[in-house]
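Trainee: I would like to learn how to read a model like this one. Could you take me through it feature by feature?

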Amino acid sequence: MADPRRSLGAGGEEEACRLLRDSGYRILERNYSTRWGELDAVAYEDGEIVFVEVRTRSSDDFGSGAESVGPAKRRQLVRMARFYMEDRRVAPERPCRFDVVEMEPLGGSGWRGSVIRDAFGLSHGAWGTIYA
């Protein structure tokens with residue numbers, strides 16, 4: 001029997017990537033695994049590499065999806081992004097950012113999603129000083 005939370009999350013990620021493509025992003029990778037966890041998506045938009053964290057919520061009872069990405073998760077995302085850049089031999093000076101996509105299922109009528117660009121206000125150079 002499938003885990004309903006996992007199914008909800010997978011559906012949210014699928015729809016989030018569709019929303020990103022429709023918004024002009026080019027999806028480079030999905031579900032990129034590292035020893036620290038998984039990057040939901042890596043994309044390219046406006047000349048920047050974008051590390052995407054997808055948060056699917058069926059309600060805001062416990063806060064928004066973006067609010068659920070706390071300091072520990074941010075540090076984890078930075079670690080995974082650094083690994084990705086090294087693993088894929090992306091030039092370290094390449095501009096990049098972290099976006100969060102909040103997804104909400106609307107029952108039989110589809111999904112509602114929003115993209116929060118540069119969700120943590122981190123410029124590429126700030127990674128080492130803030131999240132080392």
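Mentor: Gladly, and let's begin with salt bridges: a salt bridge is a side-chain nitrogen of Lys or Arg within 4 Å of a carboxyl oxygen of Asp or Glu. In this structure, arginine 97 and aspartate 99 form one, with 2.8 Å from N to O. This is a predicted model, in which local features need pLDDT of at least 70 and side-chain atom pairs count only at pLDDT 80 or more, while totals for chains, interfaces and linings use all residues. Residues are numbered from 1 along each chain as its sequence is written, and side-chain values use heavy atoms, with hydrogens and water left out.

Trainee: Are arginine 97 and aspartate 99 buried or exposed?

Mentor: The scale first: buried means under 20% relative accessible area, exposed over 50%, and partly exposed in between, with a 1.4 Å probe and protein chains only. Arginine 97 and aspartate 99 are both buried.

Trainee: How many salt bridges are there by this rule?

Mentor: The count comes to twelve. Some of them link up: Glu45, Asp46, Glu48, Arg97, Asp99 and Arg117 belong to a network of salt bridges. Within it, arginine 117 pairs with aspartate 46, and their closest N and O atoms are 3.7 Å apart. To place that pair you need the element names: helices (H or I, at least four residues) and strands (E, at least two) are DSSP runs, numbered from the N terminus. Arginine 117 is in the loop between β5 (111–116) and α3 (127–130), and aspartate 46 is in the loop between β2 and β3, 71 residues apart.

Trainee: Why does arginine 117 count as partly exposed?

Mentor: Because its relative accessibility is 42%. Aspartate 46 is at 59%, so aspartate 46 counts as exposed.

Trainee: Which residue meets lysine 73 in a salt bridge?

Mentor: Glutamate 53 does, at 3.9 Å from N to O. This bridge joins helix α2 to strand β3, across 20 residues of the chain. Glutamate 53 has a relative accessible area of 5%, so it is buried.

Trainee: How do I read the strand pairing?

Mentor: Two strands pair if DSSP finds at least two bridges between them. Here β1 and β2 run antiparallel with seven bridges, and they form a hairpin with two residues between them. In this pairing, tyrosine 32 stands opposite leucine 39. β2 and β3 are also antiparallel, joined by five bridges, and alanine 43 has valine 50 as its bridge partner. In the hairpin of β2 and β3, aspartate 46 takes a positive phi near 50 degrees.

Trainee: Which residues have the most contacts inside the largest nonpolar core?

Mentor: A nonpolar core is a set of buried Ala, Val, Leu, Ile, Met, Phe, Trp, Tyr and Cys residues joined through side-chain atoms within 4.5 Å. The largest one here has 17 residues, and Leu39, Phe51, Leu77, Tyr84 and Phe98 have the most contacts inside it. Its contributors of at least two residues each are β2 (37–45), β3 (48–56), α2 (71–87) and β4 (96–105). The largest share, six residues, is from α2. Apart from this core lies another, of eleven residues, including Ala16, Leu20, Val50 and Val54.

Trainee: What does leucine 39 touch?

Mentor: Contact means heavy atoms within 4.5 Å. Leaving out residues up to four places away in sequence, the neighbours of leucine 39 include Phe51, Leu77, Met80 and Tyr84.
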